[in-house]
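Q: Hey, I'm new to reading protein structures. Could you walk me through this one?

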Amino acid sequence: MAGEAFKIAYSDNLGVSWTLVTLGATLTEGCVNGKALFIMDRDHLWVGSDAGNIYKSTDAGDTWTASASALTASAGDDVYCISFSDFDNGWASGASDTLMQTQDGGDNWVAVTPPASFNIWAVHAFSKYRVIIGGSADL
């Protein structure tokens, strides 16, 4: 619905019932696509938004915390993808050359300069040092 805050839902019983959780207070904020949600295990989840936020949960999605540094590093641009190689090292990508990296589980994100000017639609972190990105040129 228009004018509502960003929400996520999870089920622990094969979809018979759902728990709805509000992530942020920004009206009309949401997820751009499914790649913006990354799940390391049952407890550790990250999701990026179309407002440049990255939210983190360490309790299976019951509560979420926004990273202020992600909003700064993304300059408020859409976050399309998130990928972690382990619990500490992760990458996020998005619109307008948005590329970010964290080494502390997503508490702090820093902007990284991509190799070319393009929207980065895909990111996969293999290790702390190796990441692959893919995207499309700005038109």
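A: Strands (E, at least two residues) and helices (H or I, at least four) are DSSP runs, numbered from the N terminus. This is a predicted model, where local features need pLDDT of at least 70, side-chain atom pairs count only at pLDDT 80 or more, and totals for chains, interfaces and linings use all residues. Residues are numbered from 1 along each chain as its sequence is written, and side-chain values use heavy atoms, with hydrogens and water left out.

Q: What holds strands together in general?

A: Strands of a sheet pair through backbone hydrogen bonds, either parallel or antiparallel.

Q: How many bridges are there between β7 and β8?

A: Five, with β7 and β8 (residues 90-94) paired in the antiparallel sense. Trp91 in β8 has Ser83 opposite. Trp91 also has a bridge partner in β9, namely Gln101. As for β8 and β9, four bridges join them and they run antiparallel.

Q: Which way do the residues of β9 point?

A: From β9 (residues 99-102), Leu99 and Gln101 point one way, Met100 and Thr102 point the other way, and all are buried. Buried means under 20% relative accessible area, exposed means over 50%, and partly exposed is in between (1.4 Å probe, protein chains only).

Q: What's in the hairpin of β8 and β9?

A: There are four residues between the strands, and Ser96 takes a positive phi near 55°.

Q: Where else is there a positive phi in a residue other than glycine?

A: Ala75 has one, near 55°. Ala75 sits in the loop between α1 and β7, and is exposed at 62% relative accessible area. Leu14 isn't a glycine and has a positive phi too, of about 60°. You'll find Leu14 in the loop between β1 and β2 (19-27), exposed with a relative accessible area of 90%. For background, most residues other than glycine have a negative phi.

Q: Switching topic: which residues make up the largest nonpolar core?

A: Eleven in all: Phe38, Trp46, Ile54, Ala70, Ala73, Val79, Ile82, Phe84, Ala92, Met100 and Trp109. α1 (68-74) and β7 (79-84) each supply at least two residues of this core, and the largest share, three residues, comes from β7. A nonpolar core here is a set of buried Ala, Val, Leu, Ile, Met, Phe, Trp, Tyr and Cys residues joined through side-chain atoms within 4.5 Å.

Q: What does Trp109 touch?

A: Not counting residues up to four places away in sequence, Trp109 touches a list that includes Ile54, Ala70, Phe84, Trp91 and Met100. Contact means heavy atoms within 4.5 Å.

Q: And Val123, is that buried or exposed?

A: Val123 counts as buried, at 11% relative accessibility. Val123 belongs to strand β11 (residues 118-125). Leaving aside neighbours within four places in sequence, the contacts of Val123 include Cys81, Ile82, Trp91 and Ile132. The C-alpha atoms of Val123 and Gly134 are 6.6 Å apart, with the two residues eleven apart along the chain.

Q: Nice, thanks for the tour!

Key
Pairing = 2+ DSSP bridges.
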